[in-house]
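Please walk me through this protein structure in plain terms. I would like to see how the parts of the chain are held against one another.

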Amino acid sequence: DRPHDGAVLDVPAGVVPRTAVCACCGAAHAASAGTVKYACCTMPGDASRRWWLVVAVAAALTLRAILALALPYDGGTDERRRYPVVAYLYRHGRVPRYGGAVPEAQGFTARPVLPFRLAAWAAHGVPERLPRYVAFRLSAVLLSAATIALAYGCSRYLWPKDWPLTAAATAMVAFHPQFLYIGSYLNGDVYTIFANTAVFFVLCAVHRRGAQLHLLTAAALGLALGLVFLGRQNGYVGFILAFSYGLYLLRVNFRRNLGLLGVSLVAFLLFPTAFYLNQYRSLGIAYLPFVVGSGVAWVPPGVSVEQAYAQPALSQGLDYPVVRARWIDPVHWFLYLSALFPSSFGVFGYMDVFLPSPLYSWYLVFLAGGAVGLAQWLRRRRRASAPHAASRRWLLSSAAVAIAGLLLVVTYHNFVVLYQPQGRYLLPMFVPSLFLLLLGWRQLSVQPAFHRAVTALASTFFILSGTYATWLLLARSI
């Protein structure tokens, strides 16, 4: 087995210790002079099992590509609102000036448009005989495949010896019905999911190297956070995840990691700088976003949010009823949760295409069991037997904090400010969420055989659900 980079120990020449502690698992091993590499924590048969990643990515690409070709125009949520700005970027390679002669792109000029730029760039590689709206969906397909590969890497870094868990986590990410659907049409959600998964992947890599930042991982962390900045605002919980685990890095080695976190900050600042420079070139003024009644507005000073949303060719106004929910009304909570829960797993179109009820019931069982086990795992006060275990616990706890923050923010905005019970707003952290649910089921498992059975059943359930969702959408599209 090929040892991983995190299990490398430099032993000075001439000094031959009897034992040395592996930076990965904390176990003591015999050491010799020179560079000592341990294979104790590598995944058994790692090279021969990479076929699973290839199969998962290939299947994900196939299903999403079929849906991208088959779904009609505006077959995805709000796709008609994204199409005009991507079409303008495709033709001109730049954003128009706000208030100029292109009203269909006005509302997006001052907002981070990297997801839409990626869609326009990727469309140039699609044959022109295909409809333009199909070409604009290519970036969503590719970003979802990249997210699956990152999820596989995260699982390998967190549980290198648990192959069934890695296989199950990869399959669940690849075939998650809502994520499968989001990866097949033009939207900004898939980019936000990818950016947050990239942050989680970099932090898992840092954890695998003994919770020690290096120049490369520090720069990668800053760049990943820069991608988060240029995504949807509900993805900003990635900053909470990075900040929380950054506290642990400072606790482990304050002086070294503080300087490297400064490198991460510099790398991150490249993205806001580029954004505001582009904003100044487009508008002649650079400004910060401000919080308004419907969330974060990216419209210039002197232009109201109502005016920005009133562009007829951009949004056609709000084409759904505006509902004012009340915190103290249990009926409103029931209606909100009854729509939020299924749409976090698989509700398609404009919240009008549902999976069969038994699938939601089994998903609720998986969610409830994993949540109970996760609560038990978080409540444990056992001291970690190795630095590696402590780092993993802190990282996963940081992910739990970020997920809780996302849930609170989405609930406040989508319940009180503007009633939108759509579970897709919870998906930026869905990869760490699946990992935590699997960890919860492991906590409930008394015997290893039970845990293996649960992971096998969970992965099979997600594969069947995703495949059925694809067939359902195809049947409605043909």
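**Aromatic pairs, salt bridges and surface**

Y248 is buried, because its relative accessible area is 7% and the cut-off for burial is under 20%. The model that shows this is a predicted one. The structure holds 26 aromatic pairs. One of them is formed by Y248 and W394, with 5.2 Å from centre to centre and 40° between the planes, which makes the pair tilted. The two partners come from distant parts of the chain: Y248 belongs to helix α10 (residues 237-252) and W394 to helix α16 (residues 387-417), and 146 residues separate them. W394 has a relative accessibility of 27%, so it counts as partly exposed. The limits explain the two labels: under 20% is buried, over 50% is exposed, and partly exposed lies in between.

A second pair has another geometry. The ring centres of F345 and F461 are 5.7 Å apart and the planes meet at 5°, so this pair is stacked. It too links distant parts of the chain, with F345 in the loop between α14 and β7 (347-348), F461 in helix α18 (residues 448-477), and 116 residues from one to the other. Are these two residues buried or exposed? F345 is buried, because its relative accessibility is 0%. F461 is buried as well, because its relative accessible area is 15%. Both residues also belong to one aromatic cluster, made up of F341, F345, Y360, Y363, F366, F461 and F462.

Aromatic rings can also be found next to charges. The charged end of R393 sits over the ring of W377, at 4.7 Å from the centre of that ring.

The next topic is the salt bridges. How many salt bridges does a search of the whole structure find? The search finds 6. In one of them, the side chains of R80 and D74 meet at 2.6 Å, N to O. D74 is buried, because its relative accessible area is 18%.

Another salt bridge joins the side chains of D78 and R424, at 3.5 Å, N to O. This pair also links distant parts of the chain: D78 is in the loop between α1 (51-70) and α2 (79-92), R424 is in the loop between α16 and α17 (430-444), and they are 346 residues apart. Both D78 and R424 are buried.

R424 has a further partner. Its side chain meets that of D189 in a salt bridge of 2.8 Å, N to O. D189 is in helix α8 (residues 189-208) and R424 is in the loop between α16 and α17, so the pair ties together parts that lie 235 residues apart in sequence. D189 is buried, as R424 is. Through shared partners, salt bridges join D78, D189, R232 and R424 into one network.

T170 is in helix α6 (residues 163-175). T170 counts as buried because its relative accessibility is 0%. Leaving out residues up to four places away in sequence, T170 touches W52, A56, I148 and Y152. L261 is in helix α11 (residues 254-283). Setting aside neighbours within four places in sequence, L261 is in contact with L213, L221, G246 and L250. L261 and T217 are 44 residues apart in sequence, while their C-alpha atoms are 9.8 Å apart in space.

W327, I328 and Y412 make a nonpolar surface patch of about 400 Å². W327 is in the loop between α13 (312-315) and α14 (330-343). W327 is partly exposed, because its relative accessible area is 44%.

Last come the totals for the protein. It has 18 helices and 8 strands. Of its 478 residues, 53% are buried. Among contacts with a separation of 6 or more, 73% are between residues 24 or more positions apart. The accessible surface comes to about 21,500 Å², and 66% of it belongs to carbon and sulfur atoms.

Note on methods: Residues numbered from 1 in each chain as written. Predicted model: local features only at pLDDT ≥ 70, side-chain atom pairs only at ≥ 80, totals over all residues. Heavy atoms only, no water. Patch = residues over 30% accessible without salt bridge, like charges linked within 9 Å, V, L, I, M, F, W, Y side chains within 5 Å. Areas by Shrake-Rupley, 256 points an atom, 1.4 Å probe, with all protein chains shown as cover. Salt bridge = Lys/Arg side-chain N within 4 Å of Asp/Glu carboxyl O. Helix = DSSP H or I, 4+ residues; strand = E, 2+ residues; numbered from the N terminus. Buried < 20%, exposed > 50% of the residue type's maximum accessible area, 1.4 Å probe, protein only. Contact = heavy atoms within 4.5 Å. Phe/Tyr/Trp six-rings, centres within 6.5 Å; stacked < 30°, edge-to-face > 60°. Lys NZ or Arg CZ within 6 Å of the ring centre and 35° of its normal.
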